[in-house]
Each structure stands twice: as C-alpha cells, then as structure tokens.
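Subject: Structure handover

Dear colleague,

Here is the structure for your files. My notes on it come after the sequence and coordinates.

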Amino acid sequence: MTSRFDRIVQQRLEKLEKLRAAGVVPYPNRFQRSHTTEDAISLLKKHEEAAGEASVRNVTDGNPLVTVAGRITARRKMGKITFMDLRDGSGKIQLLLGDLLSAAQMALLAEIDIGDIAGVTGRLFRTKTGEPTVAVADFTLLSKSLQPLPEKWHGLSDVEIRYRQRYLDLISNPDVKQTFRVRSQVIAAVRQFLNERGFIEVETPILQPEAGGALARPFTTHHHALDQEFYLRIATELHLKRLIVGGFDKVYEIGRTFRNEGIDIEHNPEFTMLESYEAYADYNDVMKMVEEMVAAVAQQVLGTVEVQFGENGLNLKPPWPRLKLRDAILEHSGIDFVKYPTAAGLREKMRSLNLEADPQKNWAKLVDELLKTTVKPKLIQPTFIYDYPVSLSPLAKNKPGEERVTERFQPYAGGMELGNAYTELNDPILQMQRFEEQMKERVGDDKERWTIDEDFLTALEYGMPPTGGLGIGIDRLVMLLTNQQSIREVILFPQLREKG
C-alpha cells in the first residue's frame, strides 16, 4: 500500500514534470534579491515615518519596490487572491498574489507547494490588519521542494528528527536558528575579548602522534602514507605551550576536540574548546580574566550579565565566589578527603555515607566523583572551585609550600562545569615524573590514555616562563547563555547512534 507520504512526493514529482513541460526552469542558477525580509520590513517602516502611515495602506507606485526570496511556509487562498508567507534567514514577510501577475504566472501558482523556494518582486504595503506585505508583480520558482515539510513544521518537536535532520529543525523552529546565531556571536565576542588583550589566535594539529594534554579515551586513525597511528586531539594544550616556549607570550585556539567517551546532556564526542595560555601569569590572573570574559561576552551578545538558566536566574557580574575544593567537598559531602589518602580508605568512607564508590576508580577519580556528585549540582551561581590535589592535576604547578596541592581552578555555573585552568607546570623533570605516575595509576580496564609526549618534554627543557593556562568549553558556555539544558541543542550536528 502506498503511504500518504509517498503519494505527496509523487504528486510533487508530477508537478515538477508539468513545470518543465511548460518551460519553467524549476532550479535556476541564480536570483538577485534587493532586500532580505527583515530589510524589506525596515524599509517599509522608514517610508511610513517619512510619508505617513496612510501612504502604505494601498499599493501605489510611490510604495517601496523590493525583490525578496525565501521558502514558502504558508498559503491562504481568499477568492481570486492568494496570500503566502515567505521566510528567509532573517525573518518572514507576507506575499499577496493576484491581479498584478500575468495569467502564466497565476497558472504557475497551482504547481507551488509549501516548502518551495521562490523569489518575488513587488511593492510593499500594509494590509488592513497591519501586516507588512509584498504585492507581487513577478514570481519566480527558485527550487521545487519534493519532500513535504513535517505537518507541524511550525513546531517540530520530535527530538530524533530535530537532531538527525537539523535542516528541518532550522526550517521549522526559528528559536533554534536564533540559538545558533547567538553561538556564532558568542565565539566572535570571545575572540574579540582575547584579541583586545593582546592574545593571538593560532591553529595546532588535530592529528597528533600522542594523546596528551588531558586524561581521556582518544579516537585513533591510521595514516597510510606514513604508516603510523595518530590520535584525534583530546586537547590543544601541549602544542600551545610549545608556542609559549617559542616566544609567543599570549596565544589561544578555538577548535574542535575529540574524546571517545560517553554521550549525555553535557558531553558530545566532538566539541569546541577555547584554550589560552599567557606567559608571566598564574591561575589568579586567569581566574580574573575568566569572570571578566564571560561577563563581557554576555553583555555584548545579550545586552545583560543576568541570564536565565533553567529555573534559576544567574548573575555573571564579577567577582565570582571562590571556594577551595577541599572545603567545598567537606561542606557538601561531609568528607575531608585529605584525611583519607588511599583509594581504599576514601572508598570505605564514601560507602559509609551511602555515596557511590566505584571499585575500579583510583583515589584521584574518587575525589573527582565527590566533586561531581555532591558539589557540582549545588554550584548554581557562577563560582570558582580551586586548589586541586596533584594526582588530579598532573600538568599544574604546586601551590607554594603545599606538596599535594596544585594551583588549579574550575569555573562552574548553573550546576555545570565550564572549564579548567592552571598555573602551568614548567619544570621538565617534575613533569616527566608526573606523567610516569599518571601511567602507573591506571586501574582495571581503564580506556583513558595518557601517553608521554617526549617532544613536549624536550620543549620544556629549553625553558617555559611562568604561565597561566585556560580551557573553556564553548558549547557549555553557549548552553549557559542560551538557556539550553542539553549540549545537543547548541551543536548543529551532534553525534547520534546509526539508525537501525
């Protein structure tokens, strides 16, 4: 049995053949428009202000003439005239199609469907209901749509379709398109903020011979010409610090990073990361820069530092509260992890408080689990958690006088981790020891990789100045600023399981 969907597609194919038989080119090479729909409406308003509102209540030669193009998203027939809604990347405008069109063009309208893309020329006016409208004098089909839009295209809600066929999501949901406009503006504002502070943007390799800069399970690939295994980068850190060694004082990169790990509302296997490194700075300088940057970006893009995230109103204005990791975990879990220096001891204490304690996790990962489960959900207002154990921070410098504590912080907001930052370790001998210790601490079937990047260690041996480093998850920052609770809402094409 032929489905309704198949019948619609077949009808559209038949219309396509009719158009071709009538000499209509259904997919012309080009079309020159004079205005976007947004610009056309602005032009109409300016004309009203100059000539008076009454001047545009009827179609006259004195009304502005425009040529606009976009997708037909609605159609309403009223006697001998037809109204259509035309939507482009900037917005929507109404079309009136009637006596101004030739008989051939009126006949063409019978073959036009919702979803088709068209270009029109005509005079702007306002209907009696005040709707900005183009009185169409010339109509051109620009692309015949063979697939019908979802029946509820004006509110497509099927998450599977929305993510898998993002183009339908963008057609159907203007708010989604706005989210990605904001994303673009956020990235531009971050660049502007850093550029104005003297940072230079650089690019480092995505294919890397070592999986370094973070503890994560990498994606691997084989380079046939070199007959060598490579990793998709899990961080840009080690290459950016090479540039600090080379004499650049302030560098940053905004780019894709890849981790072959789980997928949830905060994690996608590929994501966009900002990393920056500043010579002669420490984590205190970076902390100040982060709160200033997030507030500046919000102000520039949204016009305010007060944002809504879920049920909570957040104030991003600096300074943000600062809490030591030890104090935060003690406050929210009742555990002073320093008093339990072994994995077995800490695990036993966690279980005594009915907290999950994975037997496969080492001491550092158990501390991290305490942070994620007992502290992170409580960090609604923007907050810095700082001073982390050495075993959680192999690339961070020790706090002076503290053998087991490093100068590291993480910014949180909305119950979500936004990034990571250190005073960078620049002692090559100690860095080698840290790498070796990290390798030894892998337990069980641990798929996370931490390979020793010999060339990075060689670079450190030439001398790296005191440096403050930062990583910020751009996707999570955009989530925060657009009030989206899932990372998939701010990534245009998130990873999905293959359809069965």
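The notes below cover a sheet, a pocket and a helix pair.

This is a predicted model, where local features need pLDDT of at least 70, side-chain atom pairs count only at pLDDT 80 or more, and totals for chains, interfaces and linings use all residues. Residues are numbered from 1 along each chain as its sequence is written, and side-chain values use heavy atoms, with hydrogens and water left out.

Three strands form an open sheet in the order 7-9-8, with antiparallel pairing. Strands (E, at least two residues) and helices (H or I, at least four) are DSSP runs numbered from the N terminus; two strands pair if DSSP finds at least two bridges between them. Strand 7 (207–208) and strand 8 (220–223) are the edge strands, each pairing on one side only. Strand 8 is joined to strand 9 (residues 228–232) by four bridges, and His222 stands opposite Glu229 in strand 9.

Pocket lining. Strand 15 (residues 383–389) gives the most to the lining of the second largest pocket, with three residues. By class, that lining has seven nonpolar, no polar and seven charged residues (Ala, Val, Leu, Ile, Met, Phe, Trp, Tyr, Cys and Pro count as nonpolar, Asp, Glu, Lys and Arg as charged, and the others, Gly among them, as polar).

Helices. Helix 9 (residues 325–333) packs against helix 11 (residues 363–375) at an angle of about 55 degrees, with the axes 9 Å apart (axes are lines fitted to C-alpha atoms over the stretch in contact, and angles run from 0 to 180 degrees between N-to-C directions). Helix 9 is therefore oblique to helix 11 (under 35 degrees counts as roughly parallel, over 145 as roughly antiparallel, 65 to 115 as roughly perpendicular and the rest as oblique).

Regards
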